Amino acid sequence: MDDVTIMNQMIILCNYLVKEGVIPDFSIELGYNAKGYVKAEIAKDDDYVYMLYDNGMKDDEYGNECIELVLEAEPLDEDGNSLGQAEASLKGFYLVNAEKKTVIDEHKTHW
């Protein structure tokens, strides 16, 4: 899946997260983790930077192919810099179906 497609699916999820009150607003800044998978900084508040990570493809309960995105909150130091993924807390796993523009909250907060 190309970066633009992944970003479009992240936008679908971000709109859902704003609607659900998980984040106040969003902007997407794409990057890559050490394994080359897409990640994105989507929001920041006084305490955390919120990150989305591509976790690959997964079928939903109806057999529809979706991308699984993981939301993490990385704590910030006193200067507003992220302490990194090692210090992050998992906020949720989400399946995004770009074709139907739907999001399924998997209600998981751990690997």
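Strands here are DSSP runs of E, at least two residues long, and helices are runs of H or I of at least four, both numbered from the N terminus. What you have open is a predicted model, in which local features need pLDDT of at least 70, side-chain atom pairs count only at pLDDT 80 or more, and totals for chains, interfaces and linings use all residues. Residues are numbered from 1 along each chain as its sequence is written, and side-chain values use heavy atoms, with hydrogens and water left out.

**The whole chain**

Start with a cartoon view. The C-alpha trace spans about 45 × 30 × 25 Å along its principal axes. The radius of gyration, taken over C-alpha atoms, is compared with a globule rule of 2.2 Å times the number of residues to the power 0.38. For 111 residues a compact globule would come out near 13 Å, and the chain, at 13 Å, agrees.

Now colour by accessibility. Buried means under 20% relative accessible area, exposed over 50%, and partly exposed in between, with a 1.4 Å probe and protein chains only. By that count, 37% of the 111 residues are buried.

**The nonpolar cores**

A nonpolar core is a set of buried Ala, Val, Leu, Ile, Met, Phe, Trp, Tyr and Cys residues joined through side-chain atoms within 4.5 Å. Select L13 and I42: in the largest core, which has 20 residues, these two touch the most other members. Next, show α1 (3-19), β2 (38-44), β3 (48-59), β4 (65-75) and β5 (89-97), each of which supplies at least two residues of this core. Helix α1 gives the most, with six.

Zoom in on L13 and show its contacts (heavy atoms within 4.5 Å). Leaving out residues up to four places away in sequence, L13 touches L52, L69, Y94, V96 and V103. Then pick V49, Y53, L90 and F93: these are among the seven residues of another core, which lies apart from the largest one.

Go to E68, in strand β4. Is E68 buried or exposed? It is buried, at a relative accessible area of 6%. Beyond four places in sequence, its contacts include Y53, D54, K58, F93 and E106. You'll see one of 2.7 Å between the side chains of E68 and N55.

**Over to E106**

Hop to E106, in the segment after β6 (102-105). E106 counts as buried because its relative accessibility is 18%. Its side chain has a 2.7 Å polar contact with that of K58. Apart from neighbours within four places in sequence, E106 is in contact with K58, E68, F93, Y94 and L95.

**Last stop: E72**

Back in strand β4, select E72. What you will find instead is a polar contact of 3.3 Å between the side chains of E72 and Q85. Outside four places in sequence, E72 also touches residues including V49, Y50, M51, L90 and W111.

Methods:
Polar contact = N/O pair within 3.5 Å; in protein donor to acceptor, adjacent residues only side chain to side chain.
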